[in-house]
4 protein chains.
Amino acid sequence: MPIRNGAEYIQSLRGRNLRVYLFGELVKEPVDHPLIRPSINAVAETYDVANRDHEIASAESSISGIRVNRFLHIAENTMDLVNQNKMQRKLGQLTATCFQRCVGMDALNSLYSTTFEIDAKYSTPYHKRLVEFIKMLQKENFMIGGAMTDVKGDRSLSPSQQEDPDMFVHVVKRDENSIYITGAKAHQTGCINSHWIIIMPTMRLRPEDKEYAIVGAIPTDAKGITYIYGRQSCDTRSMEEGDLDAGNAKFSGQEAMIILDNVFIPNELIFMQGEVEFASMLVERFTCYHRRSYVCKTGLGDVLIGAAAAIADYNGVANASHIKDKLVEMTHLNETIFAAGIASSYQAHKTASGNYQNDDMLANVCKHNVTRFPYEISRLAQDIAGGLMVTMPSEKDFRSLETGPLLEKYLKGRKGVSTENRVRILRLIENMTLGRNAVGYLTESMHGAGSPQAQRIQIARQMQLEYKKRLAKNVANVIEGEANDLTQEQSEYFDRVFAT
Amino acid sequence: MPIRNGAEYIQSLRGRNLRVYLFGELVKEPVDHPLIRPSINAVAETYDVANRDHEIASAESSISGIRVNRFLHIAENTMDLVNQNKMQRKLGQLTATCFQRCVGMDALNSLYSTTFEIDAKYSTPYHKRLVEFIKMLQKENFMIGGAMTDVKGDRSLSPSQQEDPDMFVHVVKRDENSIYITGAKAHQTGCINSHWIIIMPTMRLRPEDKEYAIVGAIPTDAKGITYIYGRQSCDTRSMEEGDLDAGNAKFSGQEAMIILDNVFIPNELIFMQGEVEFASMLVERFTCYHRRSYVCKTGLGDVLIGAAAAIADYNGVANASHIKDKLVEMTHLNETIFAAGIASSYQAHKTASGNYQNDDMLANVCKHNVTRFPYEISRLAQDIAGGLMVTMPSEKDFRSLETGPLLEKYLKGRKGVSTENRVRILRLIENMTLGRNAVGYLTESMHGAGSPQAQRIQIARQMQLEYKKRLAKNVANVIEGEANDLTQEQSEYFDRVFAT
Amino acid sequence: MPIRNGAEYIQSLRGRNLRVYLFGELVKEPVDHPLIRPSINAVAETYDVANRDHEIASAESSISGIRVNRFLHIAENTMDLVNQNKMQRKLGQLTATCFQRCVGMDALNSLYSTTFEIDAKYSTPYHKRLVEFIKMLQKENFMIGGAMTDVKGDRSLSPSQQEDPDMFVHVVKRDENSIYITGAKAHQTGCINSHWIIIMPTMRLRPEDKEYAIVGAIPTDAKGITYIYGRQSCDTRSMEEGDLDAGNAKFSGQEAMIILDNVFIPNELIFMQGEVEFASMLVERFTCYHRRSYVCKTGLGDVLIGAAAAIADYNGVANASHIKDKLVEMTHLNETIFAAGIASSYQAHKTASGNYQNDDMLANVCKHNVTRFPYEISRLAQDIAGGLMVTMPSEKDFRSLETGPLLEKYLKGRKGVSTENRVRILRLIENMTLGRNAVGYLTESMHGAGSPQAQRIQIARQMQLEYKKRLAKNVANVIEGEANDLTQEQSEYFDRVFAT
Amino acid sequence: MPIRNGAEYIQSLRGRNLRVYLFGELVKEPVDHPLIRPSINAVAETYDVANRDHEIASAESSISGIRVNRFLHIAENTMDLVNQNKMQRKLGQLTATCFQRCVGMDALNSLYSTTFEIDAKYSTPYHKRLVEFIKMLQKENFMIGGAMTDVKGDRSLSPSQQEDPDMFVHVVKRDENSIYITGAKAHQTGCINSHWIIIMPTMRLRPEDKEYAIVGAIPTDAKGITYIYGRQSCDTRSMEEGDLDAGNAKFSGQEAMIILDNVFIPNELIFMQGEVEFASMLVERFTCYHRRSYVCKTGLGDVLIGAAAAIADYNGVANASHIKDKLVEMTHLNETIFAAGIASSYQAHKTASGNYQNDDMLANVCKHNVTRFPYEISRLAQDIAGGLMVTMPSEKDFRSLETGPLLEKYLKGRKGVSTENRVRILRLIENMTLGRNAVGYLTESMHGAGSPQAQRIQIARQMQLEYKKRLAKNVANVIEGEANDLTQEQSEYFDRVFAT
């Protein structure tokens with residue numbers, strides 16, 4: 001029976017005997033660990049929203065023939081991509097954190113088209129296998145993670161050149177029906193919260209890297225996997241009594257390192273094996289989807305703008321012109337991100353396999369703004385919040401019989417505002433700009449789906465300087481050899497810009 | 001017979017006996033005036049592009065039943081709006097200046113829906129009249145201008161409160177079949193190049209401003225109109241011999257002041273008369289279309305990026321990492337503008353009249369970025385260009401037998417590059433960042449369709465702080481009175497964000 | 001016997017029976033509390049540096065006739081102010097946090113000149129008392145804190161208008177020889193680490209606020225004082241085993257709320273009482289000194305730039321052009337802050353009392369840049385750091401026999417780099433951009449010595465628009481009434497700019 | 001008899017028979033050419049200000065023993081450098097353009113110390129010759145220009161590698177008593193307005209570039225020199241009737257190309273000849289002085305801020321909060337530039353020759369901000385100005401009997417403001433942001449004294465990453481080999497930062 005809602009999803013994670021380390025110790029049951037649980041709650045919300053916001057967060061799949069969670073849906077048209085963005089913003093608004101499901105969605109979609117093209121070249125059976133796998137995921141309504149980032153060792157060497165061959169995940173054993181892989185994947189979002197994980201290569205590969213050109217699905221509780229949980233700023237506040245100091249007690253992101261030691265994958269779950277030249281296609285399509293998926297951060301931005309507006313109101317300065325102006329600026333930046341994300345989705349094109357791929361230039365532009373604007377929005381939120389945000393006493397001081405009344409007396413804002421509510425909003429701003437969810441709102445915005453320089457490289461690849469130089473020479477009346485034929489020179493990005 | 005191309009358009013402007021003043025004197029034939037002609041050439045290009053780029057720059061109109069220039073087309077669906085943006089970028093690429101037709105297009109579209117709603121309330125015949133007028137324009141393939149900005153006098157007073165009643169255009173005489181209007185419109189783009197001009201109010205009006213609530217069409221050569229041509233930076237270079245120092249000798253924008261003295265409008269060309277409460281609807285819908293029309297500036301940006309890339313190439317520094325990085329930054333900013341523009345078009349909705357209106361928040365975000373990024377793109381272009389851009393001698397010095405050979409010897413760039421071509425590209429960069437077309441690329445980007453503060457006010461109106469505060473309180477677990485019902489609170493902008 | 005070094009300073013704090021609350025409980029001995037201790041270490045460094053860097057961090061005082069810690073020195077010439085900045089940068093470099101002594105230094109200096117001017121008007125004995133107090137501080141080598149920021153209650157009401165009179169510190173009892181005060185001071189830097197605290201009003205006062213116009217010194221352990229310790233991001237990491245996860249285990253800042261309940265001040269320690277019109281002079285002179293004291297943040301910036309350079313080196317990307325370029329940008333921003341700070345000190349003038357006051361405009365410019373650039377420097381540091389900074393496991397995982405070897409294997413950087421050292425540098429970057437010292441480097445940079453809007457108001461007051469308008473009219477040949485006499489119009493800021 | 005004031009200076013330029021080309025023709029008398037004259041007026045102001053503002057703009061020289069114009073003064077102490085900055089700002093305020101004398105001042109000062117060090121090494125007589133030359137300049141009160149920038153040809157080749165040896169100025173003939181040089185210097189500020197020009201190499205030279213390592217003085221009217229005048233945006237407005245459209249009719253900058261054909265220099269005017277290794281010292285010291293000399297732009301900034309404030313006042317919006325906020329931002333940016341400039345001067349050190357050299361890091365920081373902030377100040381000025389700035393008719397239209405009254409009626413601002421004065425201020429803003437003086441305020445701010453990348457290279461050289469890495473490792477408790485000895489590692493920049 002499929003998972004029907006967030007509660008059932010949480011239940012489904014129990015008792016899996018994952019080997020998860022946190023603070024140097026094995027975690028008995030991650031679902032019940034107070035530091036881990038908020039990250040599970042965030043995923044649970046992706047199940048519940050599919051029930052509540054049917055149109056946005058679910059879709060009819062022509063693969064399984066049923067209505068499925070949109071995170072498991074293969075985009076069958078442009079609007080499917082646009083609706084992904086809408087769902088991402090909505091979930092950002094509801095959780096104010098990373099809800100950890102975009103990687104899986106974007107991995108399935110990029111594999112869908114890539115396996116199709118591998119098969120076309122090599123008559124391999126990957127696409128059909130993948131479709132079967134997706135069908136199963138949709139029917140069970142599983143959560144899936146995508147594992148791409150290898151630990152990389154010495155960055156100047158290719159996978160097969162590394163002193164230690166395990167610096168990139170690779171095949172260590174192989175028989176007729178299966179393979180075994182070893183290596184590690186770093187910064188893995190939501191992995192412990194998933195039912196399945198798809199292993200993928202992290203970059204362009206060369207012929208000698210054949211054993212590293214591997215894509216396959218493994219259950220999260222497969223034998224040979226060790227998870228080491230990452231620390232986040234202020235993470236242990238989730239383990240303290242009370243819910244006030246956490247700022248956002250219910251929701252958080254999750255990153256862990258996955259260490260794979262001789263992990264088994266049967267043939268029917270292998271979707272690439274040795275076709276090195278398709279590694280870069282897969283990576284590029286995945287990052288193209290994923291850089292636009294950072295539209296989620298505009299949902300977080302909405303919450304942070306709301307928190308700034310709320311604290312301005314509590315402080316009695318909501319009508320100060322400079323406060324209003326800062327809220328407008330925050331909104332302007334937030335919507336600039338959103339615009340590029342949905343523009344990328346709207347400018348999608350159909351792949352050979354039949355699913356839809358969003359525009360690459362605009363996806364990179366979207367993500368590149370995400371590496372800048374959330375930092376400025378946070379700065380402005382801290383400006384509006386005032387210094388109290390970082391000098392307030394702990395919840396225990398507020399609850400104490402000794403200090404509680406003193407704080408109640410002295411931390412009053414304008415009339416009619418509860419001191420506790422004022423503190424709650426300030427703690428939320430701290431949570432998003434310095435604390436636990438600053439990891440997701442800021443640092444992940446910087447490095448997730450590729451660091452800023454990765455976007456600049458991709459923008460450079462598509463900026464079509466030859467075409468633009470021709471435009472300039474045309475206007476400046478520069479004659480060099482043959483005439484400036486402008487109609488011939490569009491390609492790639494501008495082809496899509498001017499497509500009708 | 002309709003105008004079929006740019007050449008015929010130019011021909012159609014001859015012999016109209018317009019009363020145009022420039023440098024204190026009447027201009028005999030604007031078409032032949034070297035300072036004015038480049039602005040006419042830019043409009044001519046809008047005719048030719050409709051022939052060349054059929055899909056982008058023309059459309060089947062259900063009003064006239066024929067294929068029409070898109071600038072005369074009423075948007076019948078979302079893609080019509082998106083295609084407007086594509087046409088705007090294309091023309092920006094081809095002319096590197098303001099081609100002056102967006103005002104008319106946006107005026108017709110905003111009037112289309114506004115007149116429909118006036119009629120619905122007052123049973124007036126405006127919409128039908130407008131449709132007839134549009135049908136005529138489409139059949140003749142006329143160029144139309146929209147005149148909105150009044151001179152305003154004392155900005156703290158409303159139209160009817162001004163000491164001099166003519167500070168806003170108003171009805172001065174009226175009979176059964178017609179009205180007569182007086183006043184002046186400032187900063188009028190492309191007015192002299194138009195066949196018809198639509199007069200519209202410039203802002204929200206009050207009941208006592210009835211005589212100012214007037215919309216009507218007048219032929220450009222109507223009796224009682226005086227045009228005073230505006231100066232642009234470096235405008236007289238168009239009157240010098242040669243084409244080099246102008247930078248962009250063929251194309252420029254045009255702004256003039258229109259002074260109306262008892263100008264006649266027959267009833268069938270009146271589309272609003274006294275319905276003061278609809279003035280703000282018209283203005284808002286017009287600016288909503290028009291702020292997104294500034295996507296045209298990304299076409300200019302493409303040219304300027306191309307010019308910067310070309311000069312870097314000529315200077316032999318195209319591969320310097322800081323040069324490449326600046327070109328990437330220019331592209332990133334340029335595409336950020338584009339993204340918001342087309343996102344606004346894609347997020348359009350249908351009006352009561354049946355035509356389509358783009359998203360207002362994203363249109364304002366687009367325009368607001370236009371008031372910033374072209375300045376930074378220009379700064380980077382000047383950085384790449386080098387100082388020679390503003391210290392080069394005149395074309396006459398290059399052509400002189402005395403100094404020409406010296407300049408040829410000493411201003412050589414890298415081998416194989418013609419000194420003249422190097423100068424041409426530098427003059428183009430000067431043209432776009434300091435000279436004649438800097439007016440269009442920079443100052444008009446700042447103030448056209450409303451100055452930055454106007455966008456901030458509009459963003460403020462739609463930023464839905466109450467909804468966002470509720471989002472923050474939901475996450476921060478702030479309880480105030482009834483529960484935080486998030487589903488109820490979306491409206492306006494977020495309604496469209498989450499529409500499916 | 002005076003305190004001679006950091007160790008003796010730490011010793012001097014023991015056994016004072018302060019009433020300090022933290023996590024709802026009384027702290028037995030703050031010196032030994034692991035969460036508090038790093039803030040004491042930072043102050044101790046201010047004692048040690050005076051021994052090591054004699055010229056910078058100490059000075060001959062003409063008050064006591066001995067060489068004193070510069071934090072207790074009254075500036076007797078311009079170079080004394082410049083040397084304050086040098087000392088601040090040095091201590092920022094050594095501690096990478098707020099070392100908490102500038103408030104006291106700036107308070108003593110602003111009181112020095114203000115009391116002199118009060119006495120001149122009212123023949124009061126404040127200045128002489130203050131000099132005696134300073135002499136004692138210098139001889140004992142005490143640490144002094146300045147308490148200015150009241151909790152303020154409803155910000156639209158003045159002190160005497162508040163519903164609860166205690167929202168601002170005020171006199172509640174008075175006899176011939178002393179007064180008693182009640183109220184609370186928020187965000188108090190280094191208060192628990194001080195031997196004495198000077199209470200000062202927080203803003204311009206009106207005649208009816210007489211009881212609030214009070215300046216006086218109290219020992220930190222005076223009867224009636226309660227301290228409630230403020231939480232900082234990641235503060236409890238200081239309480240965990242090990243020193244790795246803290247990032248900067250040795251040093252931190254400190255902020256607490258001071259609650260005063262009928263605290264006694266004898267007449268000889270009162271430096272203002274009721275002279276309401278001097279409150280604003282005191283506040284303005286204090287903030288003028290203090291906004292320039294934020295030069296300390298350039299010392300923190302040096303550390304963060306160093307950390308970014310170190311991690312780039314460890315990651316093997318130190319020579320990538322975009323990395324180098326980001327380090328240059330960070331340096332440029334950091335030195336821009338420094339320049340404005342020392343420029344303000346260099347442009348000092350002598351007060352009536354004989355001490356020196358730095359330039360106000362440039363102090364505000366310095367601080368205003370401090371509310372912006374550290375955020376951008378942090379963003380760039382996070383960019384260079386890479387995502388591992390926020391996804392690394394805990395120190396316990398590195399020390400664990402199970403996971404330690406796995407992490408050692410998989411988190412190797414380039415050859416020859418110790419994994420632990422790589423982690424240490426990443427944790428330092430986390431500490432300064434999200435963690436404990438981000439409070440000092442970012443949020444305190446925003447709000448300390450006044451929030452951004454406070455600087456803008458002060459810049460506005462001194463920007464001399466009338467003089468500048470006259471400059472413009474002179475050049476533009478605008479004649480209005482009498483001639484544009486430029487020599488007469490300089491005042492205030494420009495007087496100092498052009499002083500010789 | 002020395003030149004005593006601006007009028008005598010102008011007189012001194014007459015009748016020199018310079019070979020100046022402009023628009024392809026020889027200029028008869030540059031002093032009387034309306035396009036050239038404003039640049040001469042700007043220099044004249046440097047003479048008059050020395051009389052009016054004695055302390056700032058003149059100094060007692062220990063070389064000639066008399067009081068001399070500060071532009072001819074060798075800095076004998078730190079305050080001499082600070083006063084240079086004050087003079088530069090003052091002249092910027094008075095002329096709103098480039099007054100063209102800083103190059104000469106900075107050239108003399110850098111030659112002063114460099115020749116001293118050449119002599120010390122080679123026992124050459126350069127320093128003594130230079131002192132004699134300076135003495136003569138001071139006694140006659142001459143204007144001196146410095147010519148550094150060669151045309152450079154192929155930038156990937158050194159001077160001696162160029163196909164055409166004249167791409168860098170070099171010795172072509174030599175006898176016992178003199179040399180003859182050939183080549184060209186580009187972008188020469190104020191050369192035609194000078195009495196003498198000093199020729200200097202433009203970059204680091206290698207042993208094989210010996211003939212290019214030449215420094216010498218030549219009279220402006222020397223045989224063999226051709227000047228080709230550079231075009232500026234809107235330059236011909238200076239040749240139109242009236243003074244209104246020019247915006248700043250009285251003052252402008254000047255750039256020309258100097259072509260040297262066998263120009264004679266006698267031995268006593270040669271200050272370097274073949275000592276290739278000193279070329280880079282000279283260039284570095286010159287740019288160090290000169291990058292800080294861009295403080296002049298803050299004087300232009302004052303005028304532009306004043307113009308923006310004036311037009312806001314004329315438009316009746318001076319009290320709008322967003323207008324005031326923009327004026328504050330403009331001021332903040334302007335003073336940030338000023339602060340770095342004077343900080344660089346204040347942090348000067350004495351050279352071996354005895355004169356003073358300002359701090360290099362801070363000079364580069366100053367100039368680097370100059371490549372950014374004037375662009376933003378201009379953008380904000382255009383924002384405040386409104387669109388009329390680029391759409392206003394010409395002066396002739398205002399003076400015409402036909403159109404004048406119409407414009408007077410319709411371009412009225414708020415009551416009491418003359419339309420002409422409103423236009424004058426708008427034309428001044430146009431002049432400084434797009435027109436003639438935008439060349440000086442923007443493009444020269446970008447490229448003068450080195451383009452942005454040149455500053456970044458220089459900042460990179462001095463940013464002392466090794467020292468900063470050590471600071472970070474010290475705080476992070478990173479142990480690598482020997483201890484982190486912080487005291488040893490300061491050098492260069494930080495030596496000066498912490499000097500006492």
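How does the radius of gyration of chain A agree with that of a compact globule of 500 residues? Such a globule would have a radius of gyration near 23 Å, and chain A has 24 Å, which agrees. The radius is taken over C-alpha atoms, and the globule rule is 2.2 Å times the number of residues to the power 0.38.

Some ground rules. This is a predicted model: local features need pLDDT of at least 70, side-chain atom pairs count only at pLDDT 80 or more, and totals for chains, interfaces and linings use all residues. Residues are numbered from 1 along each chain as its sequence is written, chains are lettered from A and ligands numbered from 1 in the order in which they are written, and side-chain values use heavy atoms, with hydrogens and water left out.

Chain A, then, as a whole. Its secondary structure comes to 18 helices and 14 strands. Both are DSSP runs, numbered from the N terminus: helices are H or I with at least four residues, strands are E with at least two. The C-alpha trace spans about 75 × 70 × 50 Å along its principal axes. Of the 500 residues, 71% count as buried. Buried means under 20% relative accessible area, exposed means over 50%, and partly exposed is in between, with a 1.4 Å probe and protein chains only.

Now contacts, meaning heavy atoms within 4.5 Å. Take those in chain A between residues at least 6 apart in sequence: 76% join residues at least 24 apart. The accessible surface of chain A is about 15,200 Å², and 49% of that belongs to carbon and sulfur atoms. Areas come from the Shrake-Rupley method with a 1.4 Å probe; for residues, only the protein chains shown count as cover.

Charges next. Chain A has 57 positive and 61 negative side chains, and the centres of the two sets lie 3 Å apart. Lys and Arg count as positive, Asp and Glu as negative; His and the chain ends are not counted. Each charge is placed at NZ of Lys, CZ of Arg, CG of Asp or CD of Glu.

On to chain D. An α-helix has 3.6 residues a turn, so residues three or four places apart point the same way.

What does that face pack against? After α16(D) comes Gln464(D), with a positive phi near 50°.

Stay with α9 of chain C, which holds Glu335(C). Glu335(C) is buried, at 0% relative accessible area. Leaving out residues up to four places away in sequence, Glu335(C) touches Arg89(C) and Asp302(C), and across in chain D, Met361(D), Leu362(D), Val365(D), Tyr493(D) and Phe494(D).

Also in chain C, helix α15, residues 438–447, is mostly covered: ten of its ten residues are buried. Among them are Tyr441(C), Glu444(C) and His447(C). Just after α15(C), Ala449(C) takes a positive phi of about 60°.

Back to chain A for another buried residue. Lys367(A) is in helix α10, residues 360–370. Its relative accessibility is 0%, so Lys367(A) counts as buried. Beyond four places in sequence, its contacts include Arg291(A), Tyr294(A), His447(A) and Gln455(A).

Most residues other than glycine have a negative phi. Gln100(A) has phi near 70°. Gln100(A) sits in the loop between α4 (78–95) and α5 (102–122) of chain A. Asn17(B) has phi near 55°, and is found in the loop between α1 (6–12) and β1 (20–22) of chain B. Buried or exposed? Gln100(A) counts as buried, at 3% relative accessibility, whereas Asn17(B) counts as exposed, at 74%.

Last, a loop in chain C. His33(C) lies between β2 (25–26) and α2 (37–52). With a relative accessible area of 16%, His33(C) is buried.
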